[in-house]
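Me: I have some questions about how the labels in this model were assigned. Please set each value against its cut-off.

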Amino acid sequence: RRRVSTLPVSTQASVSNAATARHYRELGCERVILARELTLERIKALRRNAPADIEIETFVHGASCVAWSGRCLLSAAMTGRSGNRGECAQTCRWVYHVMEEQRPGEYMPVTEDDRGTYIFSARDLNLMPYLEELWDAGVSSLKIEGRMKSEYYIGQVVRTYRKMLAEIYE
């Protein structure tokens with residue numbers, strides 16, 4: 001069983017390489033939450049070259065923020081709720097229309113699917129099929145984004161991930 005740390009570095013620090021992980025470890029941090037944009041290969045390389053005693057945490061489920069490592073200013077600008085302070089209003093998921101500069105006042109919808117138009121929002125993250133690969137890559141902890149989700153939703157997602165992890169561990 002891997003230990004649980006008490007001093008993590010936020011994903012907003014954009015930890016994306018071993019040198020950065022080493023720097024935070026030298027400052028006394030015990031865990032880094034990786035930049036959401038890292039591929040499995042980059043996670044493996046980071047783990048190989050980072051200090052052995054620093055824990056690696058990565059996002060596995062939830063909204064894939066359009067902003068680099070979740071550093072978004074859209075929510076704060078539009079609602080006064082800062083995503084950088086854990087209060088994201090998910091304004092990227094609101095319905096928007098496009099207006100071309102030469103046609104002021106003429107709004108054109110952008111369609112994506114039957115559920116809505118999300119031109120600022122990437123698809124949701126679901127790395128359940130890759131849990132064993134993440135474990136083998138040295139990931140210590142998994143992060144499930146649950147902002148603006150019901151307790152029922154979070155409970156179901158966590159339960160499902162725990163079940164999958166138990167199967168991998170066995």
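**Salt bridges and exposure**

Reply: By the rule applied here, the count in this predicted model comes to six salt bridges.

Me: What makes Glu 57 and Arg 31 a salt bridge?

Reply: Their closest N and O atoms are 2.5 Å apart. The cut-off is 4 Å between a side-chain nitrogen of Lys or Arg and a carboxyl oxygen of Asp or Glu, so the pair qualifies. The bridge links distant parts of the chain, with Glu 57 in strand β3 and Arg 31 in strand β2, 26 residues apart. Glu 57 and Arg 31 are both buried.

Me: Which residues are linked with Arg 31 in a network of salt bridges?

Reply: Glu 55, Glu 57 and Lys 143.

Me: Why is Glu 41 called exposed?

Reply: Its relative accessibility is 52%. Exposed means over 50%, so Glu 41 counts as exposed. Glu 41 forms a salt bridge with Lys 44, at 3.5 Å between the closest N and O atoms. Both residues lie in helix α2, three residues apart.

Me: Why is Lys 44 called partly exposed?

Reply: Lys 44 has 28% relative accessibility. Buried needs under 20% and exposed over 50%, so Lys 44 falls in between.

Me: How do you know that a polar contact joins the side chains of Asp 53 and Arg 25?

Reply: The contact is 3.1 Å, and the limit is 3.5 Å, so it counts. Asp 53 is in the loop between α2 and β3.

Me: What places Arg 36 over the face of Phe 59?

Reply: Arg 36 is at 3.8 Å from the ring centre.

Methods:
Residues are numbered from 1 along each chain as its sequence is written. This is a predicted model: local features need pLDDT of at least 70, side-chain atom pairs count only at pLDDT 80 or more; totals for chains, interfaces and linings use all residues. Side-chain values use heavy atoms; hydrogens and water are left out. Helices (H or I, at least four residues) and strands (E, at least two) are DSSP runs, numbered from the N terminus. A polar contact is a pair of N or O atoms within 3.5 Å; within protein, one must be able to donate a hydrogen and the other to accept it, and residues adjacent in sequence count only if both atoms are side-chain atoms. A charge sits over a ring if NZ of Lys or CZ of Arg is within 6 Å of the ring centre and within 35 degrees of the ring normal. Buried means under 20% relative accessible area, exposed over 50%, partly exposed in between (1.4 Å probe, protein chains only).
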